[in-house]
Amino acid sequence: MLYAETMRALLSCLLLVLFCASSLVRAETNPTWTTSIAPFRIADNLYYVGSQDLASYLVVTPKGNILINANLATSPSQIRASVEKPGFRWGDTKILLNSQAHFDHMGGAAEVIRETHAKNMVMDGDVSVVETGARADFLSPSPNIPTYSPVHVDRVLRDEDTVSLGDVTLTTSSLMLRELSSRN
């Protein structure tokens, strides 16, 4: 009796996970993920260059720029337009960082790197997922996990590593890029 109840509970949890995962796939078509908005300066040398509901940031330095998040496979042209509108050059993107290895943050990475030749820097737990285009994701046996173009990782980042370009240093965390500081 206890076994049957446990199995029912596990099956219910599995169905819930599959239902939620299938809604993730449908979320890709969410219009706010692809609706352009005007880029804007957040503070100092940090700019928002994403869509209405998918964040992408540009950190501007005298030695080139750092792009955080390449978003969907369809996003690079929108991000490029948002980088160029305030007068920055797309080709000055030297580093690409991503907040996580999901399709909505990494889907456009291969195109960004192909166009800008930026160095792709990824947290250590995401390397195999990024280099296989999400096929190494622990949930990849599910047909609800969207894949994307695999992309080579140039530098593996770990907690408290720093990424420096020009007069800017970012400190990494497995939870997020958490510190933006300028060296004076």
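1. Contact here means heavy atoms within 4.5 Å. Please keep in mind that this is a predicted model, in which local features need pLDDT of at least 70 and side-chain atom pairs count only at pLDDT 80 or more, while totals for chains, interfaces and linings use all residues. Residues are numbered from 1 along each chain as its sequence is written, and side-chain values use heavy atoms, with hydrogens and water left out.

2. Leu 58 also belongs to the largest nonpolar core, which has 30 residues; Leu 58, Leu 67, Leu 96, Val 130 and Tyr 148 have the most contacts inside it. Such a core is a set of buried Ala, Val, Leu, Ile, Met, Phe, Trp, Tyr and Cys residues joined through side-chain atoms within 4.5 Å. Buried stands for under 20% relative accessible area, exposed for over 50%, and partly exposed for values in between (1.4 Å probe, protein chains only). Two or more residues each come from strand 3 (57–61), helix 2 (76–84), helix 3 (103–106), helix 4 (109–116) and helix 5 (127–131). Helix 4 gives the largest share, 4 residues. Helices (H or I, at least four residues) and strands (E, at least two) are DSSP runs, numbered from the N terminus. Another core lies apart from this one, with 13 residues, among them Val 59, Ile 66, Leu 165 and Leu 170.

3. Next, strand 4 (residues 64–68): 5 of its 5 residues are buried, so the strand is largely enclosed by the rest of the structure. Strand 4 pairs with strand 3 in the antiparallel sense over 5 bridges, where pairing requires at least two DSSP bridges between two strands. These two strands form a hairpin with 2 residues between them, and Leu 58 has Leu 67 as its bridge partner. To strand 5 (residues 93–97), strand 4 is joined by 4 bridges in parallel; there, Ile 66 has Ile 95 as its bridge partner.

4. Helix 2 holds Ser 82, a buried residue with a relative accessible area of 4%. Not counting residues up to four places away in sequence, Ser 82 touches Ile 37, Pro 39, Val 49 and Gly 50.

5. Finally, the rings: there are 4 aromatic pairs. Rings of Phe, Tyr and Trp (its six-membered ring) pair if their centres lie within 6.5 Å; planes under 30 degrees apart count as stacked, over 60 as edge-to-face and the rest as tilted. Tyr 47 and Phe 88 have ring centres 4.9 Å apart and planes at 65°, so this pair is edge-to-face. Tyr 47 is buried at 14% relative accessibility, and Phe 88 is buried at 19%.
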